[in-house]
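Work through the two exercises below with the model open. Each task is followed by its solution in steps.

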Amino acid sequence: MQMTNPVPSDVRTFLLSRPDHHVIAGGATAGFTDPAAAVAALRSGTICAVVGALPFDLRETSALMAPRTLRRLDGPWKQPLEDETPAATITTEIPRPAEHRRRVERVIASLADPASPLEKVVLARALQVRTESALSPWHLAARLGAGDGPGSVFVADLSAAGPRFTGHHLVGASPEVLIRKQGSTVSCHPLAGSAPRSSDPGVDAARARHLASSTKDLHEHRIVVDGLRAALAPLCSSLDVDDQPSVVGTPTMWHLGTPIRGEVSDTAVTALELALAVHPTAAVCGSPTPAARDLIVATEGSRGFYTGAVGWSDAQGDGQWMVSIRCTQLAADNRTATAWAGGGIVAQSRPDDELRETTAKFRTILAAFGIDHDAADQRNRARAQSA
Ligand SMILES: C=C(O[C@@H]1C=C(C(=O)O)C=C[C@H]1O)C(=O)O
């Protein structure tokens, strides 16, 4: 769809930085709210590339753009940090942690009910953050890059999703590759089953060991890998899936991860089509997909672009899409932001652990805002106890 106000090429519209390379886009000639239209434009050669974000619920609008320029450069994206970062505070918790815990309890009860088809549901909560003065999405991304070690930082301009999203950006540091396609090779690296890192090296190592052998987490992970295998098998001539997950570390979390690699049967298939074929995985939604998705939407309301996908795809079909987690949606005022964190629930889950997991997952994005969430969390708990 041609844009009424095309974006000039000197305006950055998209970034995906990986440990070994980064992809950066400038400007836009067309916008797509419907990913099928973007696929058709790519396949027909009308556009050379597409960048942007897919929502969690594909019935909602996507934020995809045909960029004027798309550059793939070696090494991670690096930007000098500005000295001043405006102070930020958490203004609202949606829902309050006690309510999130109750929601988890209710989901565990339905998962344990033999009459329910549900096997896994991923529940999330959100925080609203306000900064004292404007903070550009690129500055926030630079702060994420500085704090996330060799992780993956992204910025996606959401304006193409419609007037409600004009000037909004999704900014985050996702550890999870939804899909990558290069030539005929497709790969992904689902993460599911998590434990917070500890600053005490002994405790930290023990948590990683415990995660690697936790029946509950291995089960939670297996559901995701089986789902991805089933979604990719019809599109691939060969598919290689490790038998056992390994423990993957980010600066804030341990995760169980399984590398998946295959060869696509149709080499012209685009990375965007592959992303659409596997999204939403059970890592961010649950299983079976429609029942889990409906329960999430009924419980949380719209998640927008959180637990969607952020990435790029070119007309040759190459591209990469990350799962949009550890992220925030920064509004057009560059001062108001919503951040999310969630976790997979199975019948064996424990509500207190699930709440702790979301708190730990928030650390990545809140640290970029300069907020020590653990301290804020303790203050809240002390306040609740004394009330
Ligand atoms: C939903 C999130 O993370 C997802 C859920 C995970 C889990 O349940 O263990 C792990 C990684 C992600 O696939 C999030 O970070 O908000």
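**Exercise 1.** Determine which way the side chains of strand β20 (residues 327-330) point, and find its pairing partners.

Solution. The model is predicted: local features need pLDDT of at least 70, side-chain atom pairs count only at pLDDT 80 or more, and totals for chains, interfaces and linings use all residues. Residues are numbered from 1 along each chain as its sequence is written, and side-chain values use heavy atoms, without hydrogens and water.

Step 1. From β20, C327 and Q329 point one way, T328 and L330 the other way. In a regular strand, side chains alternate between the two faces of the sheet. All four residues are buried (under 20% relative accessible area, 1.4 Å probe, protein chains only). Strands here are DSSP runs of E, at least two residues, numbered from the N terminus.

Step 2. Strand β9 (residues 169-173) pairs with β20 in the antiparallel sense over four bridges; pairing requires at least two DSSP bridges. Here G172 is opposite C327.

Step 3. Strand β21 (residues 336-345) is also antiparallel to β20, over three bridges, with T338 opposite Q329. Five residues separate β20 and β21 in a hairpin, and N334 in the turn has a positive phi of about 55°.

**Exercise 2.** Characterise the lining of the second largest pocket.

Solution.

Step 1. The lining residues divide into 11 nonpolar, 13 polar and seven charged. Ala, Val, Leu, Ile, Met, Phe, Trp, Tyr, Cys and Pro count as nonpolar, Asp, Glu, Lys and Arg as charged, and the others, Gly among them, as polar.

Step 2. Elements giving two or more residues to this lining are β10 (177-182), β11 (185-189), β14 (246-249) and β16 (260-264). A pocket is an open set of points on a 1 Å grid over the protein atoms alone, where a 1.4 Å probe fits, with protein on both sides within 12 Å along at least five of seven lines; lining residues have an atom within 4 Å of a point.

Note on methods: Buried < 20%, exposed > 50% of the residue type's maximum accessible area, 1.4 Å probe, protein only.
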